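Have a look at the model, then try each task before reading its solution.

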Amino acid sequence: MSIELATLNGQSADRAARDQSPLAIRGMTVSYGQKPAVFSVDMTVRPGAMTAIIGPNGAGKSTLLKAALGIITPLAGTSTVFGKTVARQRDWIAYVPQRASVDWDFPTRVIDVVMMGLYAQLGLLGRVRAHHRAQALDCLARVGMQDFATRQIGQLSGGQQQRVFLARALAQQADLYLLDEPFAGVDAATEKAIIDVLKSLRDAGKTVVAVHHDLSTVAEYFDDVFLINTQAVAAGPVADVFTQENLQATYGGRLAGAQMDSLSAATA
Amino acid sequence: MVGAWPVPRWIRSLQRRPKPVLFDALTLQLGYNATLVTIGATLLGMAAGVGGTFLFLRKRALVSDAISHATLPGIGLAFIIMVALGGDGRSLIGLLGGAAVSAGLGLLCVSWLSTRTRLAEDAAIGAVLSVFFGFGVVVLTIIQTMNAGRQAGLEGFLLGSTAGMLRSDAAILAGAAALTLALVLLLRRPLTLAAFDPEYATASGQNVTRNDLAMMGIVLAVTVVGLKIVGLILIVALLIIPPVTARFWTERTDHVVLISGIAGGVSGYVGAAISAAIPDVPTGPIIVLVGFALFALSLLLAPRRGVMSSFLRHRSFQRRVHLRQGLLAMAQSQPIYEGLTLRLLRRADLVRPDGVPTNSGQARAAKAMLDEARWSIVRGDQSYEAAAALYDGLTDIETLLTPDQITEIDGRLAAPSEVPA
């Protein structure tokens with residue numbers, strides 16, 4: 001086979017992979033100043049799976065997500081959703097930012113934040129009707145926060161804030177959910193509530209991608225894992241990829257030996 | 001004539017009752033010009049209050065200061081150009097057009113400096129504000145040397161001058177106010193989203209940069225039309241004080257916009273009326289002072305967020321803590337040493353002066369212990385999360401849970417527990 005033909009075959013295979021993937025990132029490079037935070041990363045998310053993006057602090061996990069969504073402008077690279085650009089597929093994507101990224105003293109109530117998930121549906125001037133409000137309350141109920149609807153958001157605990165953000169994403173009725181550190185600094189009850197909701201989304205055929213930092217729960221929570229340290233290290237099903245060698249390659253010397261042993265014992 | 005006492009002067013001065021000028025001003029009966037100014041100032045105050053709200057919520061309130069100071073060179077240059085073209089140079093539309101152009105340039109400088117260079121926005125604002133203003137003063141000085149320039153009265157734009165306000169000026173203000181309200185109504189959702197959570201806004205397809213520009217455009221329009229009444233140095237107060245005032249009264253974005261518009265309108269109306277009633281008092285500064293008075297009242301008196309309310313709340317909370325601690329100590333027969341606790345218990349007739357609990361004191365202490373046990377169950381049970389979030393160790397459990405729920409909890413309290421082997 002000539003080289004040209006091999007390249008063409010490779011390109012058409014990749015085109016097929018991108019067309020079928022809920023989130024396909026190619027050649028993504030983001031830099032703050034002269035040092036790349038994410039360098040030439042390819043990622044193909046499997047539809048209907050829960051994928052964890054794992055890597056040490058400063059490895060570019062959140063940056064990769066933000067660049068894929070166009071929140072920050074990448075230096076190079078593309079991201080597609082079922083083969084089309086992200087901009088054309090916004091209605092099918094729900095993003096849950098880091099909790100600390102907003103000011104929780106903002107004058108708004110819990111129900112108002114969830115209603116933001118319906119803004120795309122409401123348009124600029126659409127009236128908020130009873131069924132919209134019922135939909136928002138239903139999303140709050142799914143994260144166990146229905147009794148908090150009229151509270152000011154500043155009165156919530158960290159875990160409750162995170163669940164409100166998740167409820168807002170649920171209100172969008174998206175097919176692809178991208179979460180940035182959803183379990184950071186939340187209580188055990190919230191962690192369980194969130195993982196239950198995410199698993200129910202997955203079971204309903206949706207795709208979930210989360211930046212995750214707790215290695216001990218990866219095997220329990222996720223189907224696939226994507227290991228990154230500025231560059232992509234490994235990707236695939238947890239059982240195949242979440243191995244000691246790959247973690248060593250991702251974290252370098254930053255992961256203590258004992259921690260490593262307990263992790264590989266958990267995955268074995 | 002016999003018996004005709006001269007009326008003392010102080011009585012005569014009482015008889016010569018002062019005309020209720022302020023009342024006339026407030027009811028728009030103080031002449032044509034005063035009426036125009038009052039209506040114009042009210043509209044301006046409303047537009048500024050509504051337009052400034054999103055700037056405040058986006059935490060970019062000081063950008064308005066850069067915008068307003070950047071209008072000055074535009075005013076001067078527009079005057080020079082109009083005179084050079086053989087015109088009068090004092091056409092308000094022309095001057096405001098010039099102001100808008102140079103304010104827009106200043107705005108672009110601020111946003112370019114803060115996004116494309118390593119300068120933070122506050123530094124960019126400081127640089128643009130002072131340079132544009134300095135340049136504007138130079139231009140005004142040049143105008144002073146021109147023949148046509150001396151009577152131009154361009155200094156009026158610094159602090160506002162309402163003398164000789166025309167019907168057309170008021171019409172411009174009305175138009176600008178209507179435009180501002182319409183734009184804010186149209187863009188309320190994107191603006192709220194961009195102010196609260198810009199990352200999420202971008203991810204859900206909003207063009208946050210464009211929304212920010214629209215917000216700045218609204219502020220720029222308000223600033224430019226407000227130059228005539230309040231002047232460029234003080235217009236920033238009208239954009240910032242009303243939303244800050246409104247924030248004290250509500251926890252909802254839409255209500256902040258509404259209350260801010262009302263606060264701005266009231267400031268403009270009352271301020272213009274006062275300055276019309278009292279001779280030689282400038283309009284703009286009085287409007288700002290009325291706005292400040294509303295702010296000060298809100299700061300002190302607003303429920304929940306006001307200073308007075310948080311002071312009272314803190315004190316009553318402190319007393320409840322002391323009382324509760326005292327009751328729990330009584331229930332466990334521990335001695336109470338703290339003076340405030342003892343005083344509160346005595347005053348509520350829960351202990352006798354010699355420190356022995358009264359009957360009602362013993363009952364309350366037992367109830368406190370029971371509630372404590374109930375609360376520990378509520379806090380351990382995820383299904384009571386909403387109630388548990390309000391737990392402060394003090395609130396009577398009956399106010400937060402239904403009788404059924406309490407019965408259920410009491411059932412668990414009484415349930416036989418396993419005896420450890």
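**Exercise 1.** In what order do the four strands of the open sheet in chain A lie?

*Solution.* Keep in mind that this is a predicted model. Reading across the sheet, you get β2-β1-β4-β5 of chain A, paired antiparallel. Next, check the ends: β2 (35-44) and β5 (84-85) of chain A are the edge strands, each with pairing on one side only. Now zoom in on β1 (residues 24-32) of chain A, which is joined to β2(A) by six bridges. For one residue-level example, M28(A) has V41(A) in β2(A) as its bridge partner.

**Exercise 2.** Find the strands that helix α2 (residues 61-69) of chain A lies across, and its angle to β1(A).

*Solution.* The strands are β1, β2 and β4 (76-81) of chain A. Compare directions, and the helix runs at about 115° to β1(A).

**Exercise 3.** Describe how chain B meets chain A.

*Solution.* Start with the head count: 31 residues of chain B contact 39 residues of chain A. Then take the area: the two chains bury about 3,100 Å² between them, with 58% of it on carbon and sulfur atoms. On chain B's side, R189(B), F196(B) and Y200(B) supply 27% of the buried area, more than any other three residues.

Now look for charges. There are five salt bridges across the interface, and D105(A) and R305(B) meet in a salt bridge at 3.0 Å, N to O. Finally, α9(B) gives the largest share of chain B's touching side, nine residues. By class, that side has 13 nonpolar, seven polar and 11 charged residues.

Key:
Residues numbered from 1 in each chain as written. Chains lettered and ligands numbered in written order. Predicted model: local features only at pLDDT ≥ 70, side-chain atom pairs only at ≥ 80, totals over all residues. Heavy atoms only, no water. Contact = heavy atoms within 4.5 Å. Buried area = accessible area lost by both parts, 1.4 Å probe. Salt bridge = Lys/Arg side-chain N within 4 Å of Asp/Glu carboxyl O. Helix = DSSP H or I, 4+ residues; strand = E, 2+ residues; numbered from the N terminus. Nonpolar A, V, L, I, M, F, W, Y, C, P; charged D, E, K, R; others polar. Pairing = 2+ DSSP bridges. Axes fitted to C-alpha atoms, helices over the stretch in contact; angles between N-to-C directions.
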